[in-house]
Amino acid sequence: MSGRPLLAVHDLVVDLGRRRSATRVVDGVSLTVAAGETVGLVGESGSGKSTIARAVLGLTPVTDGRVLIDGVDVTHAGRRQRRALSDDVQLVFQDPFSSLNPARRIGDSLVEPLLNRRGVDPARRRVLVAEALHRVGLPAESAHRYPGQFSGGQRQRIALARALVGSPRLLVTDEPVSALDLSVRAQIINLLADLQAELGFGHLFIAHDLAVVRHLSHRMVVLHRGRVVEAGDAETVYRRPTHPYTRALLAAVPVPDPVRARAALAAFARQPPPAGPAPDLGVDPAADRHPTS
Amino acid sequence: MVRLVLRRLAWTGPLLFVVSVLCFLLISLVPGDPARTVLGPLAPPEQVEALHRQMGLDRPLTVQYLSWLVAAVHGDLGRSVSTGTSVGPLIASRLAPTLSLILLATLTVGVVGTALGVLSAVRGGPLGRLVDVASVVGLAVPGFWLALVLITWLAVRWRLFPATGYVPFGESPVGWLRSLALPVAATSLAAVTAVAKQTRDSMLDVLSRDFVRVMQANGLSVRSIVYRHALRTAAVPVVALLGVISASLLGATVLIENIFGLPGLGSGAALAAAQHDIPVLQGAVVCYTLIVVVIGLLADLAQAWLDPRVGAR
Amino acid sequence: MNRPAAVAVRVLRRPLVLLAVLWLLLVLACALHPELVTGRDPVDQDLPAALGGPSAAHPLGTDRLGQDLLSRLAYGAAGTLWGVLVAVLTATVVGVGLGLLAGYLGGVVDALVGRLADLLFSLPAIVILLVVVAVFPGDVTIAMLTFGLLLSSGLIRVVRAATRSTREELFIAAARLAGLSTPQILRRHVLPRLRGLVIVQASLVAAIALVMQASLAFLGFGPPPPEPSWGGMIDEARMVIVRHPWALVPPGLAVALTVLSFVLLGDAARDGATAAWATTKLARRRRRSGRRRTHPTVPAPRHPTGSAPAHPVEPAPAGGPGHADTLLSVRRLSVQLPGGPARGARTGTTVVSDVDLDVGPGEIVGLVGESGCGKTVTALSILGLPPGDGQLTGSCHFAGLDLVRADDRQWRTVRGRRIGYVAQDPMVSLDPTLRVGVQLAEAVRRHTGLGRRPARARVLTLLRDVGLPEPDTAARRYPHQLSGGMAQRVAIAFALAGDPELLIADEPTTALDVTRQAEILALLARTSRERRLAVLLVTHDLGVVAALCDRAVVMYAGQVVESCPVTELFARPRHPYTRGLLAADPHRASRAGRLPTITGTVPAPGQWPTGCRFAPRCPLATESCRHAPVPLDRLGPAHAVRCVRPDEDRVAA
């Protein structure tokens, strides 16, 4: 593990909306992702987790703070720099149905990250596309079909293939499995883990499901109303949450165990989670120890 | 709701301004002397010269425009070059037949079209297919041609309605209705089919929405679901279309009034165009634009009343 | 993309469209070489034959000057088509260009273009055209150019709206992240999306322009008299309308047929251009909304028409566990979607087969499975509202009635009064146009017969019961002013308005955040306990089942595969599918290593295997599993499973 993280976010602040009625969606978030590492970003809707992803990728303007990719400040990168960055950073969305253009063949969508890359001729592109499809477990001839001919799980595989076709070093995934059925979800989770082991990319994994995050991530960052309330080793946070919000969040997730689930629901009914703004704990996830894996 | 009205009204001033400028620009584009165009190639030069001065064409364009604008704001739209009468009163005298025609036609279109649409959506089957087909055929049959067919059969052959002429409402309400029956029928047929189709599609869409199923499953009466809940939601795009249609009926009146000999704004404008009577045409354009704006405003208000989300936007 | 030839073939296969194309070709031929169609000169006056009907010499008759109508139609085609062409080109170029710019760039450009479109739209077209023909007498080209400009407002709006909505699509963001430039994105993603739309709009513009052109000629602003034009011919017919009405027919028909052809061809071209992927677009909408759309017909009495029930109603053969005091008892319920005129798949497919299911009073039963397994269809079928006009067989006993055979009058006593229903997405399960209180009051009055005031008081009680702290305020809100959690509480209040004994809740928490979900689950648990309300809870979440349910019914590919008390389900699952689902749940999996998975995906209805439907994905499947359908066997007093090897304890490695 090199000393310099692949992705470093420092005191990120993002305001959304028109100037006067803007709301602070992300409020001073810091986190890092190293090569080969998966960092899980957890929170409910409105916690700002997707906004962080969009800010990292330049899809949303940043109000304050810095985003560094491989040590290079890309907070306010221009179009040209962003396009160059696309070789290094890719995103997978939650919705496997709208993230692929229904009117274009799979191959046409998959080839896009390679289109503006120098030194990749059409023949090479075809080879890379076939390789990417193979990697996610789909036959090469899928390239000639339309997204509508695939199921949700298959489309998410295709989206993964598109993200990885240009061999990025950092992969950001925004709820990549929450729209999928249970049996398919496990397949995609395994695929993500396998691909990381094979390709060694850093992975910022955004999800609301603590169990999934714990399974896939080395470290976990819990967000509440735009702030980090807890961060640390994924297993530790899951087993021994320290912040009341994390505890409430964990208690709210029904576990597939009747005894525990009922007890948790009864406890929840007696004492709902804190609703006020989370206290600033001054957590600096970058200072946390790295996973041992 | 109030904001919606204000926004609409705020838009009216600039709109009229642009429309009037456009009219002026068009006239300045006329090849040669407009006065010559008005009077025709046979008129003696001194007469053309006189008209030229009377129309103020010897002054710069901006001055011409500004003086027209100032006068227009004071209600003076100039004088007809063919009859010499004042444009304002001329237009006012021709408003009643046109407004009657539009009002009745819009009413017919709204009531008949919506009823057909709802029925065909609820019943389905042959009626539904009929509405689908009729909407295409309705588009294909020109209203003015239909008007001639109606005259041939209903007025000339069977003498059910007068072929031409207009009876003011004040004179005889029944005569008024009879004199407008054929014009309204000819104007509204295509629009009825369009509204029926839109209502049908919109109803089918709403009836397939979740809230309809939730209401069905929770035992609300079918009548209430269809006519109170679904129709209200489905009516929003229908009202929008009705606004567009009644504005476009305005265009149809030009032909229909011409055919049925109604002394309205449309036949007046056509006559003015034939006589190159530019001031009357300008007045007609301003008047028509105002009517379109009012129709748009009414359609907006109706939509906001039907759907709270429209007004909140 | 689509090969043009293939599109053309697809389009021409429809007979009406073929006719439209032939007609337009004929008109085009007339426009280019009218002498090929008719040997007569359009201005040749054959006075003795004036006002004649169709004859050998004059196939379409003559006008009052004895001019041949066919010839005049043929020679009038050129001017007509030219005018249409000018208008369509103007409208399309201006409309698509400005619409695309405004929609994609947004901001100031968008505002300006939007204003321009409003302006063009507000101008009274025909009066403007009258000004134009007054200023440029006899110039059709300028008039139609102006008209095209005025008509472009529609195209601007449509293209702008479509571009904007496309721009928000995730695949545009993905393309931008892939490093594509704006022109690349427009060319690859936005323009293809607009093609169908523009084709249809352009065909409409053509139709309207044709009629407008005829109108102008009819008013005398067309080409000067001896020269033929379609509108002019109608005008000439008008002068002899009493003596010779036939003269109206040829030009009127020519206009109508051409307009019809434009519209038909436009529709067909749109369908052809999008056919390769459009069939799947519908499926996508369905998937996305998380459920199948109901066929949009109004509730009608739904009887299995005439046909006697396929099975004896009782006793349930090898059925699920029977309860002495069951509230709802479903036996061998099957749902078949009717074969319709719709193209392709899913016609006459069985989507639910032989479902057995019991719910006792006050009991909470979970109906579990992945999407496409038929759990939502089952729930809606119990309420007599199967999606897509499905046909029900089997029986469904509730409160002394067989709901499968219930008529409208009986349903009136059941829906809302004895069974309530809550849907998945609370934001769309309330009427968006009425205040919450008004809607609830309607339900209360319908079910209880209370007057206006007592009903209002009852509404407030209901709202308080479902945990809304300020019922007064909530009642005055419109649905769009509620948060997801609040809206779901209101939806539950709506279902409770008739004080039912059974609540059917279809994924009531799936659209909510975890803490909101926990609140709703707690509310359901409390309500069930306090009102002794039975709940049939449709869910895909095993955690929800564990937290709330007394018993679980697991569905796979339209069948019940396992049915047992919840404690058994988690402690001793017997069906390999249930075991697989539990093992794949990351809550239960160990932290390290891979998650155990079930390979493959749920087969779609119509693609179910003949034997055990899970066999292709089952690690334990043998030849015997694939031969014949597997019955639902009872293993104990309360446990049933559809597997030939339920005692194998090995789970997929």
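1. A reminder before anything else: this is a predicted model. The values below are computed from that model, with totals for the chains taken over all residues.

2. Let's start with the secondary structure of chain A. There are 11 helices and 10 strands in this chain. Its radius of gyration is 19 Å, close to the 19 Å that the globule rule gives for 293 residues, so chain A is as compact as a globular protein of that length.

3. On dimensions, a box of roughly 60 × 45 × 40 Å, taken along the principal axes, holds the C-alpha atoms of chain A.

4. How much of chain A is buried? Of its 293 residues, 55% are buried. As for contacts in chain A with a separation of 6 or more, 69% come from residues 24 or more positions apart.

5. Chain B has 13 helices and 0 strands. If you follow the sequence of chain B, the pattern reads α-α-α-α-α-α-α-α-α-α-α-α-α.

6. What share of the 313 residues of chain B counts as buried? The figure is 47%. Among the chain B contacts with a separation of 6 or more, residues 24 or more positions apart account for 72%.

Definitions and conventions: Residues are numbered from 1 along each chain as its sequence is written. Chains are lettered from A and ligands numbered from 1 in the order in which they are written. This is a predicted model: local features need pLDDT of at least 70, side-chain atom pairs count only at pLDDT 80 or more; totals for chains, interfaces and linings use all residues. Helices (H or I, at least four residues) and strands (E, at least two) are DSSP runs, numbered from the N terminus. The radius of gyration is taken over C-alpha atoms; the globule rule is 2.2 Å times the number of residues to the power 0.38. A residue is buried if 20 or more other C-beta atoms lie within 10 Å of its own, exposed if 12 or fewer, and partly exposed in between; C-beta atoms are placed from the backbone. Two residues are in contact if their C-beta atoms, placed from the backbone, lie within 7 Å.
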